Amino acid sequence: MAEPPPTRLHIDPPTDQWRVTPRNGRTKPVIATGHQPTLWHPGILAKDLALDALALQAVCSSIHLVVDHNSIGPHVLDCPVQSGDAISSRQLVFDSGVDTDRLPPNRLPPIPASKVERVIDSVYAECGRPVQDGLSRIVQAYAKTGGKPNRAEQTACVLGRLKSSNLNQHQGTWSTSNLVSQDFIDRVLADPIGCVRSYNRATLAYPEAGIRVLYIGRDVVEIPFWAQDKSSCTPVYVDLGDSGRPQLFTTAHNQHLDLAEPKAHRYLRPRAITLSAIMRSERCDLFIHGIGGGVYDRVTERWWQDWTGEDLAPKAVVTADVYLPLDVPVATRAEYEHAQWYAHHLLHNIDRYIQASNEAETALIEEKRRVLDQMNDDRDQRRRAKGFQRIHAINAELRRQHSAMHDAAKQRAEEARIGIGNATAAMRRDWCFALYPDQVLQDLADQVRSCFSAPQR
């Protein structure tokens, strides 16, 4: 059995460089983080732990943003299951079908708690502890979330219950489907070409972010929003024709969106870069990203500075690599190859690794060495063949007398073979955080909080 690697916490910049100065007339700073409503791994939990630690220290309002308007596919949980000493991942699917692939979670119904319990029960007996304890906590969390109107709010409630023991205070919750303000839309519509040109320049400057450029045509410009109806989110365009004012339309059924009154914010949803720009320009005074958000937010900062000439609220990046302790053998490729070699080597060379316990064993070992010496000098094929037969017989007898040593070598080789497969599961850092022992999560929380020992300015 192998101890899991130690937890690795990543915070950039260091917390003594974090700044949380109120903006936009606020008297109390607002700090925020967010993620899609899925069953997170501990690296995402680390963002909320940092949010909580800073809010307690600097007396800030803390907000968790639920990204509820993007389709994220079926609601699943990867679970480590065990057969003997071998462990593998089983994907538990709580819902599936066309709708779950196509619709965002704020348009999907809640998952029945009975379905969650039934799916988890199907693998519960195959799991070791503490995974069983974590699965039980997940079942209990879903059982206490009745009455939620959609999948996004249900999952956010489940996550809140699962992480409550690791947080010191209640965090507010916002959803991205209610984030866009009419003022922000009006700012884009006042200069759609300038906005999108700056957006595209920023996107091309950071291709590693994986953000695509927006379309700019003669009379049509694609702006960085989605239009959401009951079934989908579709791109949004501005018609710059001769009507005298911009006309918004979406590709779904060539639908034009009425801007005769201030209500576009009711159906427009932010893309990733726009979401970050809204939060950091209007809604918060520090935003905590994970690794991926830290990469694409370079695009946000360059776009916003190029287009508006303004600075955004600061950002920070927080994540952690936390490994699930699994009571199974784990091996590297080198360990596996050495164990295989040693088990094979011992078949023919056990005399090199034993201490003779009696005169008969001493005689066998000495005889084997004499036969080997004779064979080195004897070119007669028949005598050499007889020598080989005698050596095999001696090896067999010594293995019989020291069968425990030989069996242990074979066992190590078998454990190493299984350990190679187990290593993949053991080195995963993205199991749902609820499956980790309480002490592992508490250690992560303590490690995060220790980074906020100095007052923030």
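1. Tyrosine 237 has phenylalanine 249, in strand E9, as its bridge partner. Strands E8 and E9 (residues 247-250) pair in the antiparallel sense over four bridges; strands are DSSP runs of at least two residues and helices (H or I) runs of at least four, numbered from the N terminus, and two strands pair if DSSP finds at least two bridges between them. The model is a predicted one, in which local features need pLDDT of at least 70 and side-chain atom pairs count only at pLDDT 80 or more, while totals for chains, interfaces and linings use all residues. Residues are numbered from 1 along each chain as its sequence is written, and side-chain values use heavy atoms, with hydrogens and water left out.

2. Strand E8 (residues 233-239) is also joined to E7, by seven bridges, and these two strands run antiparallel. Valine 221 has valine 238 in E8 as its bridge partner. E8 is mostly covered, five of its seven residues being buried; buried means under 20% relative accessible area, exposed over 50%, and partly exposed in between, with a 1.4 Å probe and protein chains only.

3. An open sheet of six strands shows mixed pairing, in the order E1-E13-E12-E2-E3-E6. Strand E1 (8-12) and strand E6 (172-175) are the edge strands, each pairing on one side only. From one strand to the next, the twist averages 25°. As a general point, strands of a sheet pair through backbone hydrogen bonds, either parallel or antiparallel.

4. Within this sheet, strand E2 (residues 30-35) runs parallel to strand E12 (residues 286-289), and two bridges join them. Isoleucine 31 stands opposite leucine 286 in E12. Helix H1 (residues 42-58) packs on the sheet and touches E2, strand E3 (61-66), E12 and strand E13 (315-321); contact means heavy atoms within 4.5 Å. The direction of H1 makes about 170° with that of E2; angles run from 0 to 180 degrees between N-to-C directions, and axes are lines fitted to C-alpha atoms, for helices over the stretch in contact.

5. E2 is likewise parallel to E3, with six bridges joining the two. Valine 30 stands opposite serine 61 in E3. E3 is mostly covered, since five of its six residues are buried.

6. Turning to helix packing, helix H7 (residues 192-205) and helix H9 (residues 291-308) pack at an angle of about 145°, and their axes are 8 Å apart. The crossing of H7 past H9 is right-handed, a term for a near helix turned clockwise from the far one by less than a right angle, anticlockwise being left-handed. On the H7 side, Gly194, Cys195, Ser198, Tyr199, Arg201, Ala202, Thr203 and Ala205 take part, and they meet Val299, Arg302, Trp303, Asp306 and Trp307 in H9. The residues of this contact divide into seven nonpolar, three polar and three charged; Ala, Val, Leu, Ile, Met, Phe, Trp, Tyr, Cys and Pro count as nonpolar, Asp, Glu, Lys and Arg as charged, and the others, Gly among them, as polar.

7. Threonine 300 is also found in helix H9. This residue is buried, with a relative accessible area of 0%. Leaving aside residues up to four places away in sequence, threonine 300 touches Ile273, Ser276, Ala277 and Leu312.

8. The count of salt bridges comes to 27, a salt bridge being a side-chain nitrogen of Lys or Arg within 4 Å of a carboxyl oxygen of Asp or Glu. One of them joins the side chains of arginine 298 and glutamate 208 (3.4 Å, N to O). Arginine 298 lies in helix H9 and glutamate 208 in the loop between H7 and strand E7 (220-228), so the pair ties together parts that are 90 residues apart in sequence. Arginine 298 is partly exposed at 37% relative accessible area, and glutamate 208 is partly exposed at 47%.

9. In helix H12 (residues 381-401), arginine 400 and glutamate 397 are three residues apart and are therefore separated by about one helical turn. They form a salt bridge whose closest N and O atoms are 2.5 Å apart. Arginine 400 counts as exposed at 53% relative accessibility, whereas glutamate 397 is partly exposed at 25%.

10. Glutamate 282 and arginine 283 meet through their side chains in a salt bridge (3.8 Å, N to O). Glutamate 282 is partly exposed, at 23% relative accessible area, and arginine 283 is partly exposed at 23%. A network of salt bridges links Arg280, Asp297, Glu301 and Lys315.
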